[in-house]
Amino acid sequence: MSIFVDEKTKVVVQGLTGSQGRFHGLRNRDYGTQVVAGVTPGKGGTEVDGIPVYDSCAEAVAATGADASFVVVPPRGAPEAIMDAAAAGISFIVCITEGIPAQDEALFYNKLRRDFPDTRLLGPNCPGVISPGKCNIGITSGDIALPGGPVGIVSRSGTLTYQALHELSQQGVGQTTCVGIGGDPVPGTNFIDCLSAFEADPDTKAVMMIGEIGGSEEERAAAYIAEHMTKPVVAYIAGVTAPPGRKMGHAGAIISGSQGTAQAKMEALAAAGVTVAQNPTEAGEKMVDIVKNLG
Amino acid sequence: MDLYEYQGKQYFARFGIPTSPGGVADTVDEAVARADAAGYPVVVKAQVKVGGRGKAGGIKLAADADEVRTHAGNILGMDIKGHVVHRLWVEHASDIAREYYASFTLDRTAKKHLCMVSAKGGVDIEEVAATDPSAIARLHIDPVDGLHIDEATKLVAEAGLDEEAREQAAQLLLLLYACYVEGDCDLAEINPLILTTEGKVHALDAKVTLDDNAAFRHPEWEDFAGTDTLDEREKLAKEKGLNYIGLSGSVGIIANGAGLAMSTLDVVNQVGGSAANFLDIGGGANADVMAAALEVINTDEAVRSIFVNIFGGITRCDEVAKGIVEALHRVELRSPIVLRLDGTNAEEGRAILADHVSERLVVEPTMLGAARRAVTLATGGSK
């Protein structure tokens, strides 16, 4: 099994007629993903390489039964595109858009929560999700993933998501699903959402988690793992040697306290029983050892 | 983008938030003119983007023009924690009865806006937060609902603001919230927010961080740009749209994505080297951006090798390869490049570079191997 998406997932690409949308949408289809429609307001009735384009998600859903969306729309249009997908009843929305204003993100996150509580948003500013061999929504290069499990991956950083997939695939260890949650201030899906989904997925036997400095999501994930996870977790946190970040006035210091450094995150995870690696390669090696011992 | 105090106050003024009358001065004569206009006594304040100005002697009270001359002369050119003062803000001195604190920022954990208000404002607010957290009243605001006057009124009472200040403070919170939301701030903070002896509430300081992602809908922000004092490399990188931070090591770093760039720094450090910089070329970088990144690094004389670590997703490796080839033609690179290329169109990228591989351009198959090679080259084989 896999989490969030599989071979039955039908995807509408919002922004399919743009250059990025076309490139990645067609790549996702080539991978085997059911890309059933595109949406670009004002371009309904056209098609992109045989994929029908509609003016709105509601039309695309009515015509094709799409249940997931891939938002490849510039920052100005992305909030509207996300709400359009949710209003059409799409239950899983992947938004890769980088550079959406934080005020917009906070607004649509809370709107979705209130008006469409069953809709899951992944991102924005994330690489997407891939269930190897079944479905790839986003910008991950499908050939670096290996089908068959047993590892689930969740990562906050885009390129480190690819690195994690690569390290495992090179060693012959497959993945059930790899989720890039993105590093923006208000991610629609967080570590804990993914960890609990992996914990519930019978085919996922171990989880690799990639975090980075800043915020307190990794610390919260550590608390969750200590309390709820029975499956082994390997973690890597980027940024041990990163230049000190800028401090956001007093308010930032007051709300974040001492949390946020790579060291604090690694300590919290280790204390929760997580195997903590010093670099992506070591994380891959430690996961290979764990998978070997699963029997 | 962090704003200077005077810019923050100018931004506040757009939203009707009351501040003291004052003006900007770059010279002693200008300072006197601003003081004459604001009315004596005045406060002469160093404009630097660092805390602790007052303790460093960068904020002085002046009773008349002579004192303004003395203080402005002393403060201009002063070095405050590595920040040289080039500009002053001169404003009418307020008779302060009480100092409060107010701010809006995003609480990433709650995923809602957070308003904090305290009756114990002033220089030691962070200590108050640490030792007496109950002295700071907090309110989470759902962005869908916004902030309403009854909530603001309740909050200032809860924070223990003086009775006579509450109505004005609550109104000011609504204005500050509008500034924070409509003005696309990551942070809008007033410390201190004062009650004067005449019973007026206004902002004595302004700390504003603008969300760079929202620049597209704020043409007025152009007034704030270009006032930062960056070093030459940082200036060049900014012009090219690169996320660059200079460090002191000898291995130049170029990576795509902040996470991979940070991880590259970590790995270089773990194999015994030190990074000369952090440079994230971002997602979807094309040949131009890659060439520009190499040019920026090439201006750093401490660099002995350049580690280019690319894992293509939205960034296509063939574009990266083209950029490297272009850079090789365009500038004479002083250091060898160690390249690691994986992901989207990696094979096409490697094919483009095949004819250019030499001792000046080394391709390594793994991140760790490439880090070792780059460190070896940077240290002349001593490691």
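1. The buried residues of helix 1 of chain B are covered by parts of the chain that include strand 1 (22-25), strand 2 (42-46) and strand 6 (88-92), and the cover also includes helix 6 (163-182), strand 11 (201-203) and strand 12 (207-210) of chain B. The model is a predicted one, and within it helix 1 of chain B, residues 5-14, is largely enclosed by the rest of the structure, because seven of its ten residues are buried. Those residues are B:Glu5, B:Tyr6, B:Gln7, B:Gly8, B:Lys9, B:Tyr11 and B:Phe12. Just after this helix, B:Gly16 takes a positive phi of about 80 degrees.

2. Chain B as a whole has twelve helices and 18 strands, and its C-alpha atoms fill a box of roughly 75 × 50 × 40 Å along the principal axes. Of its 383 residues, 49% count as buried. Among the contacts in chain B with a separation of 6 or more, 70% come from residues 24 or more positions apart.

3. Chain B is divided into domain 1 (21-92), domain 2 (96-223) and domain 3 (232-378). Between the centres of domain 1 and domain 3 of chain B, taken over C-alpha atoms, there are 44 Å.

4. On confidence, the mean pLDDT of chain B is 92, and 98% of the residues of chain B reach 70 or more. For the complex, the predictor gives an ipTM of 0.91 and a pTM of 0.91.

5. Chain A is divided into domain 1 (10-122) and domain 2 (128-293), whose centres, taken over C-alpha atoms, are separated by 25 Å. The contact between them takes 16 residues from domain 1 of chain A and 15 residues from domain 2 of chain A. On the side of domain 1 that touches domain 2, the elements that give two or more residues are helix 1 (19-31), strand 5 (68-71), helix 4 and strand 7 (120-122) of chain A, and helix 4 of chain A gives the most, with four residues. By class, this side of domain 1 of chain A has eleven nonpolar, three polar and two charged residues.

6. Strand 5 of chain A, one of the elements on that side of domain 1, deserves a separate look. A:Ala68 and A:Phe70 point one way from this strand while A:Ser69 and A:Val71 point the other way, and all are buried. Strand 5 of chain A pairs in the parallel sense with strand 1 (residues 10-14) of chain A over four bridges, where A:Val11 has A:Ala68 as its bridge partner. Strand 5 of chain A also pairs in the parallel sense with strand 6 (residues 92-95) of chain A, again over four bridges, and here A:Ser69 stands opposite A:Ile93.

7. Chain A also contains an open sheet of seven strands, in the order 9-8-11-10-12-13-14 and with mixed pairing. Its edge strands, each of which pairs on one side only, are strand 9 (135-138) and strand 14 (275-277) of chain A, and the twist from one strand to the next averages 15 degrees. Within the sheet, strand 10 (residues 150-155) and strand 11 (residues 174-180) of chain A pair in the parallel sense over five bridges, with A:Val151 standing opposite A:Gln175 in strand 11 of chain A.

8. Finally, between the chains, 51 residues of chain A are in contact with 54 residues of chain B. On the side of chain A that touches chain B, the elements giving two or more residues are helix 4 (102-115), helix 5 (158-170), helix 8 (249-256) and helix 10 (280-293) of chain A. Helix 4 of chain A gives the most to this side, with eight residues; helix 4 of chain A also gives the most to the side of domain 1 of chain A that touches domain 2 of chain A. By class, the side of chain A that touches chain B has 24 nonpolar, 21 polar and six charged residues.

Note on methods. Residues are numbered from 1 along each chain as its sequence is written. Chains are lettered from A and ligands numbered from 1 in the order in which they are written. This is a predicted model: local features need pLDDT of at least 70, side-chain atom pairs count only at pLDDT 80 or more; totals for chains, interfaces and linings use all residues. Domain bounds come from an automatic or database domain assignment. Two residues are in contact if their C-beta atoms, placed from the backbone, lie within 7 Å. Ala, Val, Leu, Ile, Met, Phe, Trp, Tyr, Cys and Pro count as nonpolar, Asp, Glu, Lys and Arg as charged, and the others, Gly among them, as polar. Two strands pair if DSSP finds at least two bridges between them. Axes are lines fitted to C-alpha atoms, for helices over the stretch in contact, and angles run from 0 to 180 degrees between N-to-C directions. A residue is buried if 20 or more other C-beta atoms lie within 10 Å of its own, exposed if 12 or fewer, and partly exposed in between; C-beta atoms are placed from the backbone. pLDDT is the predictor's confidence in each residue, from 0 to 100.
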